[in-house]
Amino acid sequence: MLDFQMVVGGQDRAAENGEWIESTNPFTGRPWARIPRGTRADANAAVEAAAAAMEDPAWIALSASQRGALLRKVGDLILANAERLADLEVQDNGKLKAEMLGQLRYLPQHYYYFGGLADKVEGAVIPSDKTGMFVHTVHEPLGVVVAITPWNSPLLLTTWKLAPALAAGNAVVIKPSEHASVSMVEFVKLFHEAGFPPGVVNVVTGYGNECGVALVEHPKVAKVAFTGGDAGGRAVYQSAAKSLKHVTLELGGKSPNIICEDADIEQAVKGAVSGIFAATGQTCMAGSRLLVHEAIHDRFVESLRRFVSAAKMGDPMADDTQIGPVATLPQFEKVLSYVDIAQGEGATLAHGGRAYSGPGCEEGWFIEPTILTNVDNSMRVAREEIFGPVLSVIRFEDDDEAIRIANDTPYGLAAGVWTNDLSRAFCYTRALKTGTIWVNAYRVVSYAVPFGGYKQSGIGRENGQEMIKEYLQTKSVYFNLEKEVPNPFVLR
Ligand code: NAD
């Protein structure tokens with residue numbers, strides 16, 4: 001059993017009351033590490049450390065170019081530590097080493113990109129109607145930013161917030177998931193090694209309803225950037241409203257992956273698999289509703305079944321494993337309960353649907369990749385986010401029906417469309433109400449491309465050039481060029 005500490009003001013910190021949370025390895029079902037169970041006092045200390053950093057010349061007097069150089073340095077350090085950090089993530093959340101290492105090796109690009117952007121945010125000289133004034137704008141950091149993140153891709157999703165927030169000159173307090181905090185406390189140390197002053201990047205571990213709430217309520221916090229489930233997102237939004245904080249929310253989805261009858265079936269099968277069985281379905285952008293044209297429905301489902309039957313389940317650390325365990329015991333139970341719910345509502349279990357304990361998987365929380373057919377879009381499996389390896393297959397007759405079904409959801413995070421007809425694909429890209437659409441692809445993201453939700457999948461965007469503005473505020477400066485101040489009782 002390994003013990004890890006929080007990082008506040010550049011120092012290791014245990015929980016104020018000395019309590020711990022055990023982190024359990026989903027592959028073995030056994031605790032492997034402990035993280036501090038942070039309290040309100042710990043949250044307050046972290047916000048105070050960040051607020052002090054926002055007064056510290058060692059941080060605020062740096063030029064934007066110097067901040068960019070620090071970010072590029074941290075990118076290099078992440079690359080050098082990618083293997084070690086990926087191992088920690090896999091032990092915490094049970095996702096494939098191949099996936100976590102791929103994310104870690106890609107992470108530096110975010111810091112290079114936003115490091116490069118740091119000194120390219122320019123204000124404007126405004127040729128205003130106030131001719132006696134020299135008017136210009138400057139963009140200034142918001143102050144203390146709280147980043148609250150889930151367990152499925154801890155370092156990647158934190159980076160989506162951290163890189164632009166630091167490029168803009170803010171100080172950050174990170175609250176990672178109670179299920180996967182270990183990689184984060186080690187990760188944050190790289191920022192200090194790169195030369196970020198103490199207090200600029202802090203991490204508090206613990207439960208959302210304890211230290212998480214305390215961070216959101218703290219009056220010195222200017223912005224909360226949250227990624228997680230609907231319930232947490234709504235709670236954070238309400239709580240942040242009390243003190244009118246800036247908020248971005250990256251929430252869940254029930255994304256449609258649409259297979260037209262003219263699609264390349266072999267490629268579309270791979271697209272369907274990457275949409276739902278990669279990452280064991282534990283991804284916000286999971287293509288959990290597979291809409292298949294009725295002309296190819298049976299053939300497609302059979303091809304999918306064959307592909308999935310050959311997928312290797314096992315140790316997420318092993319190179320040849322394709323499907324790992326789900327991350328937590330409650331999640332394991334929740335996913336299996338949806339298989340019963342679906343069948344109770346009339347869906348057909350076409351593949352999987354049970355816990356799996358084959359060779360090497362005896363102790364972990366494994367679930368067979370599950371395909372449900374005869375799903376109607378009104379069923380709970382088609383409406384609620386399951387966050388596991390459960391695919392609901394829905395038939396459609398024509399494009400209008402596919403678009404109607406695809407949009408009939410409170411969510412709007414992502415969608416996939418598989419067709420060889422370009423004009424048809426283009427119509428789908430305009431008609432679907434989602435933040436991201438892939439044509440003949442699925443589950444592709446980039447630091448340079450905005451990502452976020454329509455409808456109840458979230459508020460705001462992450463990644464891309466515009467994102468840095470989410471962490472800045474604009475100040476307008478009127479410089480009077482005239483000696484005489486005119487009538488003071490009249491608005492000029
Ligand atoms: P969660 O909402 O349970 O927890 C996310 C984080 O919020 C955790 O750190 C948790 O401690 C904290 N939290 C929860 N309630 C809080 C509160 N009231 N105040 C402050 N903090 C609180 O989500 P999870 O189970 O860790 O992650 C899975 C969810 O995340 C899924 O719904 C998934 O779709 C979503 N997600 C979204 C994206 C995206 O970019 N849109 C990416 C990944 C995951």
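Reader: How many Å separate the centres of domain 1 and domain 2, taken over C-alpha atoms?

Author: In this predicted model, the centres of domain 1 and domain 2 are 31 Å apart when they are taken over C-alpha atoms.

Reader: And which residues belong to each domain?

Author: The domain assignment of the protein chain gives domain 1 as 2-251 + 453-476, and it gives domain 2 as 256-439. Where the two meet, 26 residues from domain 1 and 31 residues from domain 2 take part in the contact.

Reader: How much area do domain 1 and domain 2 bury between them?

Author: Between them domain 1 and domain 2 bury about 2,400 Å², and 62% of that area is on carbon and sulfur atoms. On the side of domain 1, the residues that lose the most area to domain 2 are Phe27, Leu96 and Lys455, which together make up 27% of what that side buries.

Reader: Which helices each supply at least two residues of the side of domain 1 that touches domain 2?

Author: Those are helix H4, covering 82-93, and helix H5, covering 97-117. The largest share of that side of domain 1 comes from H4, which contributes three residues. Sorted by class, the side of domain 1 that touches domain 2 has seven nonpolar, ten polar and nine charged residues.

Reader: Changing topic, how many helices and strands does the protein chain have?

Author: The secondary structure of the protein chain comes to 15 helices and 21 strands. The radius of gyration of the protein chain is 24 Å, close to the 23 Å that the globule rule gives for 492 residues, so the chain is as compact as a globular protein of that length.

Reader: What does the C-alpha trace span along its principal axes?

Author: Along those axes, the C-alpha trace of the protein chain spans about 80 × 55 × 40 Å.

Reader: Back to salt bridges, how many does the structure hold?

Author: The structure holds 31 salt bridges, and one of them joins the side chains of Asp42 and Arg13, with 2.9 Å from N to O.

Reader: Which parts does that pair tie together?

Author: Asp42 lies in helix H1, residues 40-53, and Arg13 lies in strand E3, residues 11-13, so the pair ties together parts that are 29 residues apart in sequence.

Definitions and conventions
Residues numbered from 1 in each chain as written. Predicted model: local features only at pLDDT ≥ 70, side-chain atom pairs only at ≥ 80, totals over all residues. Heavy atoms only, no water. Domains from an automatic or database assignment. Contact = heavy atoms within 4.5 Å. Buried area = accessible area lost by both parts, 1.4 Å probe. Helix = DSSP H or I, 4+ residues; strand = E, 2+ residues; numbered from the N terminus. Nonpolar A, V, L, I, M, F, W, Y, C, P; charged D, E, K, R; others polar. Rg over C-alpha atoms; globule rule 2.2 N^0.38 Å. Salt bridge = Lys/Arg side-chain N within 4 Å of Asp/Glu carboxyl O.
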